[in-house]
Amino acid sequence: MSDAAMSQAETAPTAAEENLLDVRNLTKYFDLHGDLVSRLAGKHQLLKAVDDISFYIRKGETLGLVGESGCGKSTTGRLITRLIEPTSGEIDLHGEDLLSFSAQRMRETRKDIQLVFQDPYASLNPRKTIMHILSRPLDVHGLATNWHDKRERVLELLNLVGMGSEHIDRYPHEFSGGQRQRLAIARALSVNPELVIGDEPVSALDVSIQAQILNLFRELQEKFGLTYLFIAHDLSVIRHISDRVAVMYVGKIVEEGPVDVIFSEPLHPYTNALLAAVPEADPKKPPPRLTLSGEVATPIDPPPGCRLAGRCPLAKPVCAEVDPDLRGIDGDHRVACHVV
Amino acid sequence: MSEPVLEIDDLTIRFNLKRGTLTAVDGVSLSISKGETFGLVGESGSGKTVTARSVMRLIPTPPGEIASGEVRFEGKDIYQMSDREMRELRGQHVAMVFQEPMSALNPVFTVGAQIGDALRTNMGMNKAEAQERTVELLQLVGIPSPGSRLNSYVHEFSGGMRQRVMLAMALSCDPTFLIADEPTTALDVTIQATILELISSMIERFHMSLLFITHNLGVVAHACDSIGVMYASHLVELGTKDEVFANPQHPYTVGLLNSIPRLDVQEKYLTPIDGYVCNMMDPPPGCKFNPRCKQAMEICQREIPDWKEVAPGHFAACHLHSQQ
């Protein structure tokens with residue numbers, strides 16, 4: 001473990017309150033192989049999708065993970081469910097490292113961590129009825145033995161997500177985007193998970209429907225004490241749903257803290273830039289603007305130093321050389337920046 | 001405001017499909033004056049894109065059909081224009097920017113060749129002039145080292161840069177009117193901010209009028225002077241941006257504004273609009289919004305509401321106002 005990684009791990013609070021999930025130094029590099037010549041020369045291009053990030057989620061809270069396309073937020077979600085295997089790091093659920101689990105044990109654990117994806121058109125099998133789609137997880141995890149129990153449970157789930165029992169024998173194409181997302185949520189809840197990871201679950205929805213689904217997420221959290229990792233690029237959605245927020249930029253968490261602090265007293269230049277760029281639906285608010293120069297850095301063989309260094313208005317020489325650690329400011333607020 | 005450049009008058013567009021007839025745009029009227037920026041807002045399927053495309057006569061007929069109404073550009077009905085006049089309109093007066101630059105630009109020609117082509121066809125330039133002008137245009141929209149990017153293909157640009165290329169192409173014919181159909185929807189928020197800024201500066205610099213199609217109320221709040229709100233093929237509210245945002249009069253507009261999570265405070269629950277958009281193949285009679293409307297009355301289920309001027313220049317199509 002590098003020094004930076006050590007100090008990062010140390011700043012993560014130990015289980016003072018119960019952390020449901022503790023992610024330490026999680027890293028995922030994709031080897032891009034490259035062309036034959038560079039392979040023969042032994043050169044590897046590495047896409048550092050997630051680069052040594054640490055965070056935790058307390059039981060019953062919502063951590064919002066926000067960033068722009070390609071920053072690694074979805075990869076993070078997938079790593080936690082072990083849909084893809086990390087390059088290194090630790091993912092503790094209730095203090096036990098998921099990465100040490102056997103395939104069998106992991107399969108059992110999967111019911112504790114469920115995913116809701118962005119595109120409800122792609123995530124529901126078009127050939128299966130809602131009864132089949134919602135009862136399949138029960139079969140897989142052996143949670144219902146007979147048809148009657150399953151049917152009861154599916155009806156209960158439909159009711160839970162605000163859909164009538166008449167829908168049970170229909171197919172996904174008979175539903176609108178918002179209804180499908182309700183069904184995807186019902187499926188995630190079917191196995192009574194502790195942690196639900198939403199990977200842009202409201203991004204594909206119209207704003208009036210988005211509000212319905214966000215309310216549903218909140219209702220279900222209150223009812224079942226669910227813990228959420230909510231991944232989104234929309235800052236107003238993150239602001240609404242999160243208790244704490246982590247901001248990612250090119251594979252790194254650059255700032256993390258309670259939602260009010262991140263939105264009212266952001267420290268990192270990137271967080272500031274994101275917030276300034278949001279067009280608010282109020283003509284009296286200042287117009288959106290970009291406070292950074294240039295384009296998003298590439299995660300492929302990134303240069304040393306802060307990933308934002310080339311675009312940052314506050315950059316100093318040190319920024320291009322040394323990767324800043326995520327350091328505690330006060331309380332839960334952490335920021336990775338040499339300048340602020 | 002000065003004389004209208006674009007007038008859409010009682011436009012109805014139908015699509016005759018195998019499954020039945022779909023009315024995508026129903027009795028929409030609006031006008032945009034010289035130099036005005038107009039935002040047409042609505043959710044998926046509300047008919048905003050079809051309305052915008054009809055201005056360029058890009059509605060495929062069949063299955064589409066302009067069932068009634070007129071679209072006039074500088075006083076001339078574009079559906080009466082000859083092919084030649086239409087070509088001139090598209091090439092020299094009205095330009096369009098689409099949501100997906102990757103599918104709007106040709107992947108097998110270089111960016112220089114595509115913009116150059118437009119210049120030679122529409123502006124009668126020769127090859128050398130066209131190339132020179134292309135470099136100027138790319139520079140104008142903020143593409144770094146434009147001279148060397150002439151020979152790049154679309155896939156070699158990032159999303160934001162592609163949208164700049166498309167804007168350069170749109171500007172190539174010195175249009176007086178720009179139609180932008182969700183130009184920033186596929187972009188990240190920081191890139192969106194730069195593209196919006198660029199569009200605004202181009203509008204100002206070239207004294208263009210703008211028809212901006214978007215589902216994002218935040219974007220119209222900053223990019224447009226006036227806005228029109230569409231719901232299920234109807235235009236339901238129309239007015240200056242400041243009026244509509246400060247004093248929305250149609251329950252749908254109110255519902256939309258309430259649905260947006262706020263950035264300044266955290267509310268526990270949002271106030272969504274209940275229900276779902278009606279099936280456009282089988283819409284409810286009367287006001288299309290009535291099944292979702294909390295204030296719906298008996299008349300709303302029978303009659304399509306007329307336009308009512310609720311304040312000077314501010315219109316809403318809702319029975320709540322015709323009652324008063």
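This is a predicted model: local features need pLDDT of at least 70, side-chain atom pairs count only at pLDDT 80 or more; totals for chains, interfaces and linings use all residues.
Reader: How is the packing of two helices described?

Author: Two packed helices are described by the angle between their axes and the distance between those axes. In chain A, consider helix α7 (residues 177–189) and helix α8 (residues 207–224): their axes come within 10 Å and cross at roughly 15 degrees. Angles under 35 degrees count as roughly parallel, and α7(A) and α8(A) are therefore roughly parallel to each other. Their crossing is right-handed.

Reader: Which residues of α7(A) and α8(A) make the contact?

Author: From α7(A) come A:G177, A:G178, A:Q181, A:R182, A:I185 and A:L189, while α8(A) supplies A:I209, A:Q212, A:I213, A:L216 and A:L220. By class, six residues of this contact are nonpolar, four are polar and one is charged.

Reader: At what angle do the axes of α4 and α7 of chain B cross?

Author: The axes of α4 (residues 111–123) and α7 (residues 159–171) of chain B cross at roughly 20 degrees and come within 9 Å. That angle makes α4(B) roughly parallel to α7(B). The contact involves B:V111, B:Q114, B:I115 and B:A118 of α4(B), together with B:V165, B:A168 and B:M169 of α7(B). Six of these residues are nonpolar, one is polar and none is charged.

Reader: How many residues of chain B are in contact with chain A?

Author: There are 37 residues of chain B in contact with 37 residues of chain A. Among the elements of chain B that contribute two or more residues are α8 (189–205) and α11 (251–259). The most come from α8(B), which gives seven residues. The side of chain B that touches chain A has 17 nonpolar, 13 polar and seven charged residues.

Definitions and conventions. Residues are numbered from 1 along each chain as its sequence is written. Chains are lettered from A and ligands numbered from 1 in the order in which they are written. Axes are lines fitted to C-alpha atoms, for helices over the stretch in contact, and angles run from 0 to 180 degrees between N-to-C directions. Helices (H or I, at least four residues) and strands (E, at least two) are DSSP runs, numbered from the N terminus. Angles under 35 degrees count as roughly parallel, over 145 as roughly antiparallel, 65 to 115 as roughly perpendicular and the rest as oblique. A crossing is left-handed if the near helix is turned anticlockwise from the far one by less than a right angle, and right-handed if clockwise. Two residues are in contact if their C-beta atoms, placed from the backbone, lie within 7 Å. Ala, Val, Leu, Ile, Met, Phe, Trp, Tyr, Cys and Pro count as nonpolar, Asp, Glu, Lys and Arg as charged, and the others, Gly among them, as polar.
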